[in-house]
Amino acid sequence: MSSKTVLIADDDRDLVQILALRCEQIGVDVLVAHDAMTALGLAHEHTPDLICLDVNMPSGSGLSVCEMLSNDEKLSSIPVIMLTGQTDEETVRRCHSLCAY
């Protein structure tokens with residue numbers, strides 16, 4: 001059985017390091033991106049089993065990446081977890097409309 005892969009995309013390098021370490025400890029392969037465009041490219045190249053996206057990143061927002069993923073036949077079924085401290089109504093509404101939590 002092949003291991004699962006998670007893509008972690010966040011410009012907070014310390015947070016990414018902590019999340020990646022924990023995933024690796026439980027046997028999950030990790031892909032890392034520190035900006036939105038790299039995240040999108042890695043998703044297309046590797047088709048991870050799960051994607052964790054920061055809402056605010058350089059070169060685009062995680063919500064925009066999530067929208068692009070949802071419109072891509074190959075990537076639309078990948079579960080997405082949004083990483084954010086934002087609790088404003090618009091951000092929450094967009095996450096829910098994209099089935100990203």
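**Reading helices and loops**

A: Start with a pair of helices. α2 and α3 run roughly parallel to each other. Keep in mind that the model is predicted.

Q: How are two packed helices described, in general?
A: By two quantities: the angle between their axes and the distance between the axes.

Q: At roughly what angle do the axes of α2 and α3 cross, and within what distance do they come?
A: They cross at roughly 25° and come within 9 Å. An angle under 35 degrees counts as roughly parallel, so that is the label for α2 and α3.

Q: Is the crossing of α2 past α3 left-handed or right-handed?
A: α2 passes α3 in a right-handed crossing. On the α2 side, A36, L40 and A43 make the contact.

Q: What are the angle and axis distance for α3 and α4?
A: The angle is about 20°, and the axes are 10 Å apart. That makes α3 roughly parallel to α4. The contact is made by L63, S64 and E67 from α3, with T91, R94 and C95 from α4.

Q: Is the crossing of α3 past α4 left-handed or right-handed?
A: α3 passes α4 in a left-handed crossing.

Q: How many residues make a turn of an α-helix?
A: A turn takes 3.6 residues, so residues three or four places apart point the same way.

Q: Which residues of α3 are buried?
A: α3 covers residues 62-70. Its buried residues are G62, L63, V65, C66 and L69. They span an arc of only 155° around the axis, which puts them on the same side of α3.

Q: What covers the buried residues of α3?
A: The cover includes two helices, α2 (36-46) and α4 (89-97). It also includes the strands β3 (50-54), β4 (56-57), β5 (60-61) and β6 (80-83).

Q: Which side chain reaches a backbone nitrogen at the start of α3?
A: That of S61. One of its side-chain oxygens comes to within 3.2 Å of the backbone nitrogen of L63. A polar atom of the S61 side chain also lies 3.0 Å from the backbone nitrogen of S64.

Q: Where is S61, and is S61 buried or exposed?
A: S61 is in strand β5. The cut-off for buried is under 20% relative accessible area. S61 counts as buried because its relative accessibility is 19%.

Q: What does S61 touch beyond four places in sequence?
A: S61 touches A36, D54 and V55. As for I26, 35 residues apart from S61 along the chain, the two C-alpha atoms are separated by 29 Å.

Q: Where is I81, and what is its relative accessible area?
A: I81 sits in strand β6. Its relative accessible area is 35%, so I81 is partly exposed.

Q: Which residues is I81 in contact with, leaving aside neighbours within four places in sequence?
A: L50, I51, C52, L53 and Y101.

Q: Now backbone angles. Is phi negative or positive in most residues other than glycine?
A: Negative, in most residues of that kind.

Q: Where does T47 lie, and what is its phi?
A: T47 lies in the loop between α2 and β3. Its phi is positive, about 45°, although T47 is not a glycine. T47 counts as partly exposed, at 32% relative accessibility.

Q: Where does S59 lie, and what is its phi?
A: S59 lies in the loop between β4 and β5. S59 is not a glycine, yet its phi is positive, about 65°. At 46% relative accessibility, S59 counts as partly exposed.

Technical notes: Residues numbered from 1 in each chain as written. Predicted model: local features only at pLDDT ≥ 70, side-chain atom pairs only at ≥ 80, totals over all residues. Heavy atoms only, no water. Buried < 20%, exposed > 50% of the residue type's maximum accessible area, 1.4 Å probe, protein only. Helix = DSSP H or I, 4+ residues; strand = E, 2+ residues; numbered from the N terminus. Arc of directions from axis to C-beta. Contact = heavy atoms within 4.5 Å. Polar contact = N/O pair within 3.5 Å; in protein donor to acceptor, adjacent residues only side chain to side chain. Axes fitted to C-alpha atoms, helices over the stretch in contact; angles between N-to-C directions. Parallel < 35°, antiparallel > 145°, perpendicular 65-115°, else oblique. Left-handed = near helix turned anticlockwise from the far one by under 90°.
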